[in-house]
Amino acid sequence: MDSRTYNPRTVEEVFRDFKGRRAGLIKALTTDVEDFYNQCDPEKENLCLYGFPSEQWEVNLPAEEVPPELPEPVLGINFARDGMQEKDWLSLVAVHSDAWLLAIAFYFGARFGFDKADRKRLFNMINELPTIFEVVTGAAKKQVKEKSSVSNHSGSKSKSSSKARAPESQSRQSKPLQPKDEDEELDDQDDDEHGETLCGACGEHYGTDEFWICCDICEKWFHGKCVKITPARAEHIKQYKCPSCSNKRARP
């Protein structure tokens with residue numbers, strides 16, 4: 001292909017590309033897991049899981065051109081689907097997806113002439129995000145718990161719904177709402193604690209101006225927008241199950 005069809009990319013542009021693809025892959029392995037599982041039919045040919053900068057995902061055959069325009073994800077993810085526990089299979093796909101994302105990012109880095117400082121900056125930006133494997137297995141949540149002390153999540157996360165609350169182990173230690181002036185004094189501390197919480201769907205951090213909801217089964221927190229739950233709808237949910245837990249079923 002004519003190299004003139006490529007436009008130089010900055011570190012920030014490559015990172016945006018990385019985040020978009022990553023969001024699509026996480027969606028496939030969490031909120032859209034039932035659809036993803038069904039598409040990975042072991043009877044089909046070698047299939048790959050692709051993530052796109054638009055935050056979408058696709059299960060498809062590998063590119064036919066050799067060599068491909070971009071690094072390709074791992075082949076044959078569908079063949080292992082029925083040979084192991086679903087959670088182990090999803091973890092395996094997650095690990096390979098992480099490797100593919102790094103390959104794409106540093107392909108762009110090499111292709112567009114990033115120097116040592118640019119490559120280091122790109123890696124540091126990527127390393128600030130939890131890996132897909134950490135999000136899928138819940139390791140990211142465990143790391144957050146290790147970093148921060150037990151915090152009270154009964155603030156903006158829970159005021160709209162009894163389901164949008166802290167995990168049970170934390171909610172038992174919830175304190176009564178503080179008077180407004182004391183709340184203001186603790187704003188900075190609360191922001192730091194909540195800022196460590198990661199969304200189980202997109203892997204992004206908690207924001208004080210965003211509605212969150214906690215799954216009563218796996219106890220992961222989610223942006224309301226990521227699981228399509230509004231504060232008004234949450235008021236009427238007796239027991240909230242995230243898409244991943246709702247789609248779980250007995251596998252042959």
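**Close-up views of a predicted model**

View 1. Asn60 is part of strand S2, which spans residues 57-60 (strands are DSSP runs of E with at least two residues, helices are runs of H or I with at least four, and both are numbered from the N terminus). This is a predicted model in which local features need pLDDT of at least 70 and side-chain atom pairs count only at pLDDT 80 or more, whereas totals for chains, interfaces and linings use all residues. Residues are numbered from 1 along each chain as its sequence is written, and side-chain values use heavy atoms, with hydrogens and water left out. Asn60 counts as partly exposed because its relative accessibility is 32% (buried is under 20% relative accessible area, exposed over 50%, partly exposed in between, with a 1.4 Å probe and protein chains only). Leaving aside residues up to four places away in sequence, Asn60 touches Asn46, Leu47, Cys48 and Tyr50 (contact means heavy atoms within 4.5 Å). The C-alpha atoms of Asn60 and Gln39 are separated by 9.0 Å, with the two residues 21 apart along the chain.

View 2. Strands S1 and S2 run antiparallel and are joined by four bridges (two strands pair if DSSP finds at least two bridges between them), and Tyr50 stands opposite Glu58 in S2. Five residues lie between the strands of this hairpin, in which Glu55 takes a positive phi near 70°.

**View 3. The two faces of S1.** In a regular strand the side chains alternate between the two faces of the sheet. Strand S1 (residues 48-51) is covered on both faces, with Cys48 and Tyr50 buried on one side and Leu49 and Gly51 buried on the other.
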